[in-house]
Amino acid sequence: MKDFWRRYRRNKGAVLGLVILLLVMLMAATAPLLFPGSPWDMAGAPFSPPGEMGMLLGTDSLGRDVAAGIAHGARISLLVGAVSTLAALLVGVTLGAIAGYLGGIADDVVMRFTEFFQTIPSFVLAILLVAIFTPSIGSVVFAIAVVSWPPVARVVRAEFLSLRGREFVQAAEVLGKSRLAIVVTDILPNALSPIVVLSSLMVASAILLESALSFLGLGDPNLMTWGFLIGSGRSVIRLAWWMSVFPGVAIFLTVLALNLVGEGLSDALNPRLARQRGAGA
Amino acid sequence: MEASKLPGFLLRRGVKAAIVVLAIVVCNFLLVHAAPGDPASVIAGQSGAADAVFLEQLRRQFGLDQPLHVQLWIYLKSVLSLDLGFSHRQQQPVAALVLERLPATLLLTGAAFAFALAAGVTLGALAAQRVGRWADSVITVIALTFYATPLFWVGLMLVLVFSVWLEWLPSFGMSSVGVEMHGLEVVWDVAQHLLLPALTLGLFYLAVYARLTRATMLEVADQDFVKTARAKGVPEGRILRAHVLRNALLPVITFAGIQAGQLLGGSILVETVFAWPGIGRLAFEALLARDYPVLLGVFFCTSVMVVLFNLLTDLLYAIIDPRVEVAG
């Protein structure tokens with residue numbers, strides 16, 4: 001663990017990413033304290049520029065506080081990012097494990113299925129899913145999970161393919177362990193590091209996807225989200241630039257932080273690769 | 001590839017593409033039936049536009065009283081005869097609506113793709129050449145930045161800077177309204193309208209291609225044939241162009257093919273921001289009106305375009321690189 005942190009710390013960008021991410025989490029956790037009351041309530045005069053009328057980041061067309069919207073939106077972004085990634089991991093790891101461990105026909109079927117999902121335009125499918133199942137936080141999470149599991153399945157399959165022929169797996173087979181037990185207790189723990197690295201990138205792209213859906217008006221109508229804030233500022237950008245600029249900065253910083261953390265995790269979990277890259281770069 | 005093997009290869013790829021298209025039709029069918037409520041009201045477009053007589057007619061037309069597999073068969077037959085349904089809201093067949101908007105989307109995505117590929121490969125090659133120096137770091141930071149920025153927000157910021165503040169470029173539409181123009185003037189006008197949306201859509205992929213080019217070039221530069229060329233005394237610039245870049249381009253092209261679907265998905269956001277009259281804008285309008293037949297039609301059409309594009313990259317690849325496995 002100490003070793004892990006030492007290697008992670010060597011990547012300065014990753015440390016910065018972790019700090020930003022912790023700050024965003026802190027903002028999400030303290031949003032009800034920082035901005036008590038609903039972010040949908042009027043807090044000042046409509047279209048107040050940033051810094052005026054005690055509004056740090058200005059107000060929108062209905063006098064709602066943009067800063068309050070961003071703080072409350074952080075909760076939704078992080079929640080949707082985390083939950084949809086977990087759901088996608090569940091599907092991807094299961095399918096990838098089946099394909100990689102069983103091989104043969106099972107592998108063929110699963111990989112064709114995965115390829116199909118990678119071919120179709122995922123964003124269009126996500127829009128269609130949310131529209132048909134009516135916009136709510138549940139349908140948004142579902143749609144994001146449906147379009148983001150294929151890379152997990154591929155990575156897990158590749159790991160399982162290379163691990164299943166190794167001696168410790170053969171030993172477990174000879175000992176008469178059940179297949180499920182071998183997969184869960186022997187192979188999976190050894191395949192964890194690429195899955196962990198991939199998950200941080202998946203949370204990042206889930207947050208981007210959620211913001212794009214809410215920007216198009218497909219967010220949960222009862223929840224304040226970053227994408228919704230930008231979407232509502234779009235038509236009045238000539239009047240109130242702050243309405244679209246600040247929520248976008250929030251998305252950018254959060255997604256950047258997650259990408260940087262992903263790189264740091266990759267360095268810390270694959271020390272050999274990191275050294276190679278360090279030598280090459 | 002040997003010329004004699006090409007037809008067989010094309011046939012196999014064609015069959016594969018046809019299966020994918022069939023699967024997409026089935027996917028559409030399942031979506032209609034998975035939707036809460038009556039499939040007829042989904043097909044009609046939900047929000048109150050359909051009257052009882054029309055719904056009854058739809059139920060008969062799609063055989064909604066028949067078993068599910070018969071319904072699927074009816075649906076397959078109609079889609080494969082290019083009948084994508086009827087938009088009750090716009091009082092037009094969906095296929096006509098989509099076809100009318102297709103050229104604008106092709107222009108936008110084509111321009112964005114060309115820009116991203118040219119600029120991305122150039123920047124990636126520069127970064128690989130100057131590994132570890134400040135130019136490399138700058139390019140890496142730019143790539144990281146565009147990786148993390150929402151597409152629609154980039155579009156809005158470009159509008160803010162170039163249309164609202166500087167007033168250099170138009171912020172919406174594809175051509176100026178109410179101005180009479182001829183010949184080259186029209187081209188110039190469309191080009192001005194195209195610049196910001198194409199830039200927005202292209203910037204993300206520029207970052208992707210730059211990173212990919214840098215990584216593959218560094219990989220190729222380590223290989224034996226490059227060392228051999230260097231040992232023979234081939235000038236460094238020529239090694240880079242003829243030996244390294246050429247071989248590094250193949251993965252970039254493959255990746256570009258894989259990402260065709262994402263480019264089309266992104267065009268929905270960009271067309272929404274810039275009111276570009278393509279199928280993305282059509283999808284957004286259909287979304288606001290909950291006009292499901294149009295949404296399903298856009299999904300079908302974009303999927304088919306991706307399949308066609310992948311077929312094209314396969315073919316190009318097989319012709320360019322003789323080592324590609326025909327069986328693959």
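The model is predicted, with local features requiring pLDDT of at least 70 and side-chain atom pairs counted only at pLDDT 80 or more, while totals for chains, interfaces and linings use all residues. Residues are numbered from 1 along each chain as its sequence is written, and chains are lettered from A and ligands numbered from 1 in the order in which they are written.

Chain A contains 13 helices and 0 strands, where helices (H or I, at least four residues) and strands (E, at least two) are DSSP runs numbered from the N terminus. Its C-alpha atoms occupy a box of roughly 75 × 45 × 35 Å along the principal axes. Of the 281 residues in chain A, 50% are buried; a buried residue has 20 or more other C-beta atoms within 10 Å of its own, with C-beta atoms placed from the backbone. Among chain A contacts (C-beta atoms, placed from the backbone, within 7 Å) between residues at least 6 apart in sequence, 69% join residues at least 24 apart.

The contact between the chains takes 32 residues from chain A and 42 residues from chain B. On the chain B side, the elements giving two or more residues include helix 1 (6–34), helix 12 (279–289) and helix 13 (292–320). This side of chain B has 31 nonpolar, 10 polar and 1 charged residues, with Ala, Val, Leu, Ile, Met, Phe, Trp, Tyr, Cys and Pro taken as nonpolar, Asp, Glu, Lys and Arg as charged, and the others, Gly among them, as polar.

An unreviewed UniProt entry places transmembrane regions at residues 76–102, 123–147, 195–218 and 239–261 of chain A; such annotations may be inferred rather than shown by experiment. In the model, residues 195–218 of chain A are 88% helix, with end C-alpha atoms 29 Å apart. Residues 239–261 of chain A are 87% helix, and their end C-alpha atoms lie 37 Å apart. For chain B, the regions placed by UniProt (unreviewed entry) include 15–35 and 106–126. The former span is 95% helix with ends 31 Å apart, by C-alpha atoms, and residues 106–126 of chain B are 100% helix, with end C-alpha atoms 30 Å apart.

Beyond its neighbours within four places in sequence, Ala126(A) is in contact with Ala143(A), Ile144(A), Val147(A), Leu209(A) and Leu213(A).

Key: Two residues are in contact if their C-beta atoms, placed from the backbone, lie within 7 Å. A residue is buried if 20 or more other C-beta atoms lie within 10 Å of its own, exposed if 12 or fewer, and partly exposed in between; C-beta atoms are placed from the backbone.
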